[in-house]
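Opening the notebook on a new structure today.

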Amino acid sequence: MKTNYIKIALALLTAMPMHTMAQGTNDGLGDDDIDIKSLYEIVTKHEQKSKALKLYFNYGMSNQTMYDSRNGEWNSHMVDRYLKVEMIGWLTDKLYYRFRQCLNKSHEAQSEDGFAKATDYMMVGWKFNDHWSIQGGKKCQALG
């Protein structure tokens, strides 16, 4: 009977998406890498002292121009690529979270984990020290 509980616990731990990192201070947030003042800080001239919530809006668009050699005409149009909202924050000195949702993708669950393709990040993490942290949840894979 005791081995059944151990098997169930191991199955639950392996089914839960976890990510352990030993890559220095890479806690998955990336907002401390650059020194950019928020719109709130610029308008009110007050420094943001809390790290509980940082809200970002990401928008990408492009212009496509094509030449049709058959009739000698040029066509040009603007294309909206993505609109994303992202919330990042530290709840304590050790516990942090990240959520990023793409607003122009389908919001229906499409995979085994039940998340939509529009959800890039929905994770929490615990930072043990400057070299070790553990994260769990949904993360997108950044290659490049």
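My entries on rings, charges and one arginine follow.

Entry one. I remind myself that this is a predicted model. How many aromatic pairs does the count come to? I get two aromatic pairs.

Entry two. I looked up tyrosine 67 and tryptophan 74, whose ring centres are 4.8 Å apart. Their planes meet at 45°, so I note the pair as tilted, because only angles under 30 degrees count as stacked and those over 60 as edge-to-face. Tyrosine 67 is partly exposed, at 45% relative accessibility. Tryptophan 74 comes out as exposed, with 60%.

Then I checked for charges over rings. I found the charged end of lysine 84 over the ring of tyrosine 82, 5.1 Å from the ring's centre. I also found arginine 98 over the face of tyrosine 121, with 4.0 Å to the ring centre.

Where is arginine 100 found? I place it in strand β4, which covers residues 95-102. Arginine 100 has a relative accessibility of 13%, so I log it as buried, the limit being under 20%. Setting aside neighbours within four places in sequence, I list contacts of arginine 100 including Lys84, Glu86, Asp120, Tyr121 and Cys140. Lys84 is the lysine over the ring of tyrosine 82, and Tyr121 carries the ring under arginine 98.

Notes
Residues are numbered from 1 along each chain as its sequence is written. This is a predicted model: local features need pLDDT of at least 70, side-chain atom pairs count only at pLDDT 80 or more; totals for chains, interfaces and linings use all residues. Side-chain values use heavy atoms; hydrogens and water are left out. Rings of Phe, Tyr and Trp (its six-membered ring) pair if their centres lie within 6.5 Å; planes under 30 degrees apart count as stacked, over 60 as edge-to-face and the rest as tilted. Buried means under 20% relative accessible area, exposed over 50%, partly exposed in between (1.4 Å probe, protein chains only). A charge sits over a ring if NZ of Lys or CZ of Arg is within 6 Å of the ring centre and within 35 degrees of the ring normal. Helices (H or I, at least four residues) and strands (E, at least two) are DSSP runs, numbered from the N terminus. Contact means heavy atoms within 4.5 Å.
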